[in-house]
Amino acid sequence: MIARLNCSMGHLMCAGCFTHLLADGRLRDQNATCPNCRTEISKNNSSRNLAVEKAVSELPAECQYCSKEFPNKSIDYHESTECEDRPTDCKYARIGCQWRGPIHEVTSHETNCAHPRKSGADVMVALRAHDVKAAEDKK
């Protein structure tokens, strides 16, 4: 959940905007100010607005995969664990399968996937390529 903060005059901003305003003030070697009233803001003179945070957590949010609506507080769990349309990779991705699709189709794909029937030499080539890509991603 994203924290909601108030300036000393009660104007509301999200934690991301608040952090951005503080960083921008430091870069300009100036005091950060509220974008609404221009009063000085800092971590010491701002406070979280728990009532707004609670209200926002109850607002509906749309799942990016299935487009169904859920309370904002539970959308992350739905998208990462429950949604049948969330994307997943084939369990044979490490040996070269490029398939990526909704989790409800993975069993059907893996039943027909050609990669487990490849020769040992083909699998070794795919594993080397996978290791090279992982090393590059690590850099």
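User: Contact means heavy atoms within 4.5 Å. Leaving aside neighbours within four places in sequence, with which residues is Ser46 in contact?

Analyst: This is a predicted model, in which local features need pLDDT of at least 70 and side-chain atom pairs count only at pLDDT 80 or more, while totals for chains, interfaces and linings use all residues. Residues are numbered from 1 along each chain as its sequence is written, and side-chain values use heavy atoms, with hydrogens and water left out. Once neighbours within four places in sequence are set aside, the contacts of Ser46 are Asn6, Cys7, Phe18 and Ile41.

User: Is Ser46 buried or exposed?

Analyst: Ser46 is placed in the loop between helix H1 (15-27) and strand S3 (47-48); helices (H or I, at least four residues) and strands (E, at least two) are DSSP runs, numbered from the N terminus. Buried means under 20% relative accessible area, exposed over 50%, and partly exposed in between (1.4 Å probe, protein chains only). Because its relative accessibility is 14%, Ser46 counts as buried.

User: In what order do the strands of the open sheet stand, and which are at the edges?

Analyst: Two strands pair if DSSP finds at least two bridges between them. Strand S1 (residues 4-6) is joined to S2 by 3 bridges, and the two run antiparallel. The 3 strands form an open sheet with antiparallel pairing, in the order S2-S1-S3. Each edge strand has a single partner strand, so one side of each is left without a neighbour in the sheet; these edge strands are S2 (12-14) and S3.

User: How far apart do the C-alpha centres of domain 1 and domain 3 lie?

Analyst: Domain bounds come from an automatic or database domain assignment. The chain is divided into domain 1 (4-54), domain 2 (59-86) and domain 3 (90-137). Between the C-alpha centres of domain 1 and domain 3, the distance is 48 Å.
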